[in-house]
Amino acid sequence: MSETAPTTTRARVFVDKQSPSAYRALSATAEAVRAVAAGAGLDRRLVELVNIRVSQLNACAFCLDLHTRAALRAGESTRRLGVLPAWRDTQLFSPRERAALALAEATTHPADAGAQDSAYGLARSVLSDDEISAVVWVAITINAFNRVSVLSKHPVREVSGTPDGSPGPAARPV
């Protein structure tokens with residue numbers, strides 16, 4: 001018996017469309033997390049760096065497209081976005097950003113206890129409890145959206161008709 005995929009497969013189910021009440025609940029969580037992040041003093045650029053880094057780790061093309069555009073609109077530079085996968089090897093990120101990125105990576109890969117301990121140690125040195133909580137919530141929420149998009153195989157399409165390339169109706173940035 002062959003273990004290759006059949007030649008005729010059904011398209012993926014867009015779980016956000018198939019179960020709209022669950023997606024609305026996730027979107028409401030994202031809105032609450034945005035408020036928590038703003039209340040903790042995290043600027044939009046930092047939140048978008050976390051969203052992008054987590055989306056890179058999860059290989060979520062849809063969320064990478066969405067949050068890269070949002071980061072650029074928030075004033076992030078293409079240079080920093082270009083080196084984000086190697087943020088540890090640059091001096092382009094502040095101690096707060098480095099702590100947030102490490103914490104986001106530890107949240108995305110929670111089984112790595114050593115990375116978690118290291119990330120929390122770094123975070124404790126430069127972030128408040130409110131900021132730590134907000135970063136973890138941002139990372140948890142974008143991880144959930146990544147799974148929705150990856151498992152649904154949400155396409156990345158050319159955006160027409162909007163000067164800023166704003167996302168379609170299904171997109172809910174964290």
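1. Arg45, Glu76, Arg80 and Glu97 are joined in a network of salt bridges, where a salt bridge is a side-chain nitrogen of Lys or Arg within 4 Å of a carboxyl oxygen of Asp or Glu. Please keep in mind that this is a predicted model, in which local features need pLDDT of at least 70 and side-chain atom pairs count only at pLDDT 80 or more, while totals for chains, interfaces and linings use all residues. Residues are numbered from 1 along each chain as its sequence is written, and side-chain values use heavy atoms, with hydrogens and water left out.

2. Glutamate 76 sits in the loop between H4 and helix H5 (78-83) and arginine 45 in helix H3, so the pair ties together parts that are 31 residues apart in sequence. Helices here are DSSP runs (H or I, at least four residues), numbered from the N terminus. Glutamate 76 is buried at 5% relative accessible area, whereas arginine 45 is partly exposed at 29%; buried means under 20%, exposed over 50% and partly exposed in between, with a 1.4 Å probe and protein chains only.

3. The whole structure holds nine salt bridges, and two others deserve a look. Glutamate 105 and arginine 53 form one at 2.7 Å, N to O; this pair links helix H6 to helix H3 across 52 residues, and both partners are buried. Arginine 96 pairs with glutamate 131, with the closest N and O atoms 2.5 Å apart. Since arginine 96 lies in helix H6 and glutamate 131 in helix H8, this pair ties together parts that are 35 residues apart in sequence. Arginine 96 is partly exposed at 30%, while glutamate 131 is buried at 11%.

4. Leucine 84 is in contact (heavy atoms within 4.5 Å) with residues including Leu49, Ile52, Arg53 and Phe93.

5. Phe145 also belongs to the one aromatic pair found in the structure. The ring centres of tyrosine 23 and phenylalanine 145 are 5.9 Å apart and their planes are at 85°, so the pair is edge-to-face; rings of Phe, Tyr and Trp (its six-membered ring) pair if their centres lie within 6.5 Å, with planes under 30 degrees apart counted as stacked, over 60 as edge-to-face and the rest as tilted. Both residues are buried.

6. Asparagine 143 is another H8 residue, buried at 7%. Its side chain makes polar contacts with the side chains of asparagine 58 at 2.8 Å and arginine 147 at 3.0 Å. A polar contact is a pair of N or O atoms within 3.5 Å; within protein, one must be able to donate a hydrogen and the other to accept it, and residues adjacent in sequence count only if both atoms are side-chain atoms.

7. Lastly, the end of H8. Just after this helix, lysine 153 takes a positive phi of about 55°. Arginine 12 is 141 residues from lysine 153 in sequence but 6.5 Å away in space, C-alpha to C-alpha, and its side chain reaches the backbone oxygen of leucine 151 at 3.0 Å.

Terms used. Helices (H or I, at least four residues) and strands (E, at least two) are DSSP runs, numbered from the N terminus. Lists of a residue's contacts leave out its neighbours within four places in sequence.
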